[in-house]
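Work through the exercises below with the model open beside you. Try each task before you read its solution.

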Amino acid sequence: MNWRAWRRQWLTEPLYRMARETMPSLSLTEQQAIEAGDVWWDAQLFSGNPDWKTLVNVKPVALTPDERAFMDGPVAQVCRMLNDWQITWQHGDLPDEVWAFLKQHGFFGMIIPKEYGGLGFSPYAHSEVVRQISVRSVTAAVTVMVPNSLGPGELLMQFGTQEQRQYWLPRLARGEEIPCFGLTSPEAGSDAAAMTDSGVVCRRDIDGVDTLGILLNWRKRYITLSPVATVLGLAFKLSDPDGLIGDTPELGISVALVPTSLPGVVTGRRHLPAMQAFQNGPTEGNDVFVPIDALIGGVAQAGQGWQMLMSALAAGRGISLPSLSAAACTFAAHTSGAYARVRTQFGIPIGKFEGVQEKLGRLAGNAYLVEAARRFTCAGLQLGYKPSVVSAIMKLHATERMRQSVNDAMDIHAGKAVIDGPANYLGNLYRALPVAITVEGANILTRSLIVFGQGAIRAHPYLMKEVVALGNSDQLAGEDAFDAVIWKHLAHSLKNALRATGTAWTAGRFVAAPKGSRAAAPYYRSLNRYAAAFALVSEVALLTLGGSLKRKEMLSARLGDVLAELYLLSAVLKRWQDEGQHESDLPLVAWCAQQGFATIEKRLDDVLLNLPMRSAGWVLRALLLPPGMRATPPSDKATALCANLLLEPSDTRDRLVGAVWEGHDSPSVEQLERAFELVVEIQPLLDRIKHAGLRDWRLAHASGAITDAQANSLEAAEKAVAAVIDVDDFAPGEFERQPV
Ligand SMILES: Cc1cc2nc3c(=O)[nH]c(=O)nc-3n(C[C@H](O)[C@H](O)[C@H](O)COP(=O)(O)OP(=O)(O)OC[C@H]3O[C@@H](n4cnc5c(N)ncnc54)[C@H](O)[C@@H]3O)c2cc1C
């Protein structure tokens, strides 16, 4: 007891006072963003000692029979109805029959529970639908994504009153209402909370009835689906100057549902985002009056809008763009591998050139990793978590890897992907990249501020409790709470420091890997080592920089990258295990692990070299990054092994790229796959002809060295390849853009 009292008086109290002074001041919106959602596997990584049993036991995602039937039925059918070339360059919109089909089959109500007439799909099923549609048409994918992501549906389910749910959800599920969500205004983009859009609580005579409501004025832009929306979820700042709903004059950000048919709503004009044809545009409201029950969640939620949005984002951000990105990475790997096999230059398939192999290897690795992370994240969402830090990691890193993969694919296809037309299956995906990078939290901001900034406080085992204690207005109670955690925190940090140093100098050799991890055991051990190093470096950065770490965005971004790599690599190991630990898939696991470990070390090193307290940086470098034992990126041989997986048919190739194109009747991709199969089939024959010293199969045929049937296969392959390498051209006047 005496020791406790002594510690409280002589150690905790001065420490508390000092920490209170240096603690970063958090704005209300920052605080609400940090508090939104849950922590999940990110917390394990932040502890520095992840429990692999938890990872191994996460139930792998799977579709229910109903969900599978939906994929095989309406999803396959709508994919066949999508012609991206016509949608983008001729219609400038989805055709009417596609809009009708999407509404009729409930695509806009995938996340709405069955009791309200929605499909009630799991996060994984929702993700699968987006993934399949994405490779056929970004316009269609975005159109389906938005009502199922951050928007009226999700907000109503989380915060709506019973009456609101009962009224709106069935209408949204049936597609009778098309929703959009308006947050961004011209002056408030990334800093969305700086919006000037306003709502004033007032009374109005509506059809002879005195009605309590809100007078709204707004100017929003970039709003997806807004030109065709029938209901706008609107974020605005609410004030109640006459005290009609309480005694707070400035309530702050709130969210209301506004029918776009109301007088004063100006809507219908379109933006043209990166030449994509999905509906997007500005919306304006001039003195629009809505009854008070238009507030989502009613008066009880007035002023809670930011927290509501952050909470809705915590789940949705982990599904929409990561699913599109996973599809794009897989599609880029598939098409590039097949194209590099059928396209020959200098007499050999271009996929055999080392320069091309470097890109193919990365395409294969990225495809494996992003798909692994998509499944793992869906599994977490399926467990009921709304992991805000994980979903920010996914949004950022899945879209960045998509950017890298689509760029690599463009480079490999060269002119074939540059020339636009119906035969170009990559160009539109390439143009759409900046949309994914910008929306749902632009990537620079997400990397610099959110991943580590939010992760450090949310996912750290003690920091959140300390921040709450430091912010307590009752200083004595705050000191008590601080005393209860700070010493545990220090003991935890000390243990981490010892573990991080020990595992760094022994390359993690003596750390336990999960039972049955087989060939992946060394990767688990290394991940343990890096998690401990990350935890230690984070502690030191937080301790030495305190509140100023918030402004040190380059340091925060690098620490966020380390957390992200740890998360993505956990997902890779999980995928390998869940798919049955195929030895033939190990080159992909190895490539991802080597690339990830090298990135982790580089980022940690850069943090330590740039820590303002140079001495701390140098000590930690010596402890955590022993010279001569540094991780290196995948070797050329490892990269070539992955590249070759895309150049030959195999079970591994099927697992890696098979699922995104099969059965989807995309003429140009089907043509490519057919050419690939034929080229593979005739290869032994061509080798024989070459060994016989004959230059050309026609000569071989003429000389009787090959049969008629063999000559026919060779000719068929040649024609198939010619069709693939063909690009579109247009007669003057034939190609005319229609006005949108
Ligand atoms: C096609 C499209 C669809 C969209 N759909 C919708 C929608 O349906 N509803 C909706 O409300 N909004 C929508 N948006 C808006 C989107 O969310 C914003 O574009 C986004 O938040 C960024 O705002 P901004 O474009 O004004 O960029 P800015 O805020 O001007 O940012 C410019 C750059 O600065 C960086 N930056 C800003 N602050 C920081 C910081 N503190 N630290 C580091 N970097 C920073 C950003 O990352 C970005 O790279 C859409 C946008 C587009 C392009």
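The exercises cover salt bridges, the ligand shell, a surface patch and backbone angles.

This is a predicted model, where local features need pLDDT of at least 70, side-chain atom pairs count only at pLDDT 80 or more, and totals for chains, interfaces and linings use all residues. Residues are numbered from 1 along each chain as its sequence is written, and side-chain values use heavy atoms, with hydrogens and water left out.

**Exercise 1. Salt bridges between helices**

Find the partner of Arg401 and say which helices the pair ties together.

Solution. 
Step 1: Recall the rule. A salt bridge is a side-chain nitrogen of Lys or Arg within 4 Å of a carboxyl oxygen of Asp or Glu. Side chains of opposite charge can pair when their charged atoms come close.
Step 2: Find the partner. Arg401 forms a salt bridge with Glu565, and their closest N and O atoms are 2.9 Å apart.
Step 3: Arg401 sits in helix 15 (residues 388–413) and Glu565 in helix 22 (residues 553–578), so the bridge ties together parts 164 residues apart in sequence. Helices here are DSSP runs (H or I, at least four residues) and strands are E runs of at least two, numbered from the N terminus.
Step 4: Check burial. Buried means under 20% relative accessible area, exposed over 50%, and partly exposed in between (1.4 Å probe, protein chains only). Arg401 is buried at 12%, and Glu565 is buried at 6%.

**Exercise 2. A network**

Solution. 
Step 1: Start with one pair. Glu371 and Arg131 meet in a salt bridge (3.4 Å, N to O). The pair links helix 14 (residues 354–382) with helix 8 (residues 123–134), 240 residues apart. Both Glu371 and Arg131 are buried.
Step 2: Follow the shared partners. The network joins Glu128, Arg131, Glu371, Arg374, Arg375, Arg575 and Glu579.
Step 3: The structure holds 35 salt bridges.

**Exercise 3. Around the ligand**

Solution. 
Step 1: List the atoms. A backbone N or O atom of Phe181 lies 2.8 Å from a ligand nitrogen. A polar side-chain atom of Thr184 lies 2.7 Å from a ligand nitrogen. For Thr224, the side-chain distance is 3.0 Å.

**Exercise 4. Positive phi**

Where does Arg518 lie, and is Arg518 buried or exposed?

Solution. 
Step 1: Note the angle. Phi of Arg518 is near 45°, a positive value in a residue other than glycine.
Step 2: Find the place. Arg518 is in the loop between helix 20 (475–505) and helix 21 (521–545).
Step 3: Check exposure. Arg518 is exposed, at 56% relative accessible area.

Note on methods
Polar contact = N/O pair within 3.5 Å; in protein donor to acceptor, adjacent residues only side chain to side chain.
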